[in-house]
Amino acid sequence: MAEQIQKVTTARCPRCQARLTFERLPGPDSWECCPECGASLRVVSARPLELRWEDRAYCDDDY
Ligand SMILES: [Zn+2]
C-alpha cells in the first residue's frame with residue numbers, strides 16, 4: 001500500500017511572519033486570513049504561494 005503523503009503548502013504572513021499552512025492551495029486573487037494577527041491577505045500567486053497584506057476589512061483585523 002502506498003504511503004499517503006500529506007502535502008501542505010506553507011507561506012509566511014507578510015505582517016507578522018507567522019507560518020501559514022494550507023492543505024488546499026488557494027486560488028489566485030482569493031483572500032485568506034492570518035490566524036495569528038488577523039491580517040487580510042490576498043493571494044497574489046498560487047505557485048509559489050505568495051501572500052500580500054492589503055488594507056481591506058476582509059478579516060477581523062482586531063485580535
Ligand atoms: Zn499575520
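In sequence, the residues that donate to the zinc ion follow the spacing C-x2-C-x17-C-x2-C, and in this predicted model the ion is coordinated by the SG atoms of C13, C16, C34 and C37 at 2.2 to 2.4 Å, donors being N, O and S atoms within 2.8 Å of the metal (3.2 Å for Na, K and Ca), with water not among the atoms, so that sites may look incomplete. The angles among the 4 donor atoms are 107 to 113°, and the site is tetrahedral, a label given to four donors if all angles lie between 85 and 135 degrees. C13 lies in the loop between strand 1 (9–12) and strand 2 (19–22), and C34 in the loop between strand 3 (31–33) and strand 4 (40–46), so the pair ties together parts that are 21 residues apart in sequence; strands are DSSP runs (E, at least two residues) numbered from the N terminus.

Both C13 and C34 are buried, that is, under 20% relative accessible area, with exposed meaning over 50% and partly exposed in between (1.4 Å probe, protein chains only). The relative accessibility is 0% for C34 and 15% for C37, which also counts as buried.

The structure holds 1 disulfide, defined as a pair of cysteine sulfur atoms within 2.5 Å, and this disulfide joins C33 to C59 with an S to S distance of 2.0 Å. The link is left-handed, with -95° about the S-S bond. C33 lies in strand 3 and C59 in the segment after strand 5 (49–53), so the pair ties together parts that are 26 residues apart in sequence. C33 counts as partly exposed at 35% relative accessibility, whereas C59, at 8%, counts as buried.

Residues are numbered from 1 along each chain as its sequence is written, and side-chain values use heavy atoms, with hydrogens and water left out. Local features need pLDDT of at least 70 and side-chain atom pairs count only at pLDDT 80 or more, while totals for chains, interfaces and linings use all residues.

How values were computed
Tetrahedral: all angles 85-135°; square planar, octahedral: opposite > 155°, others 65-115°. Helix = DSSP H or I, 4+ residues; strand = E, 2+ residues; numbered from the N terminus.
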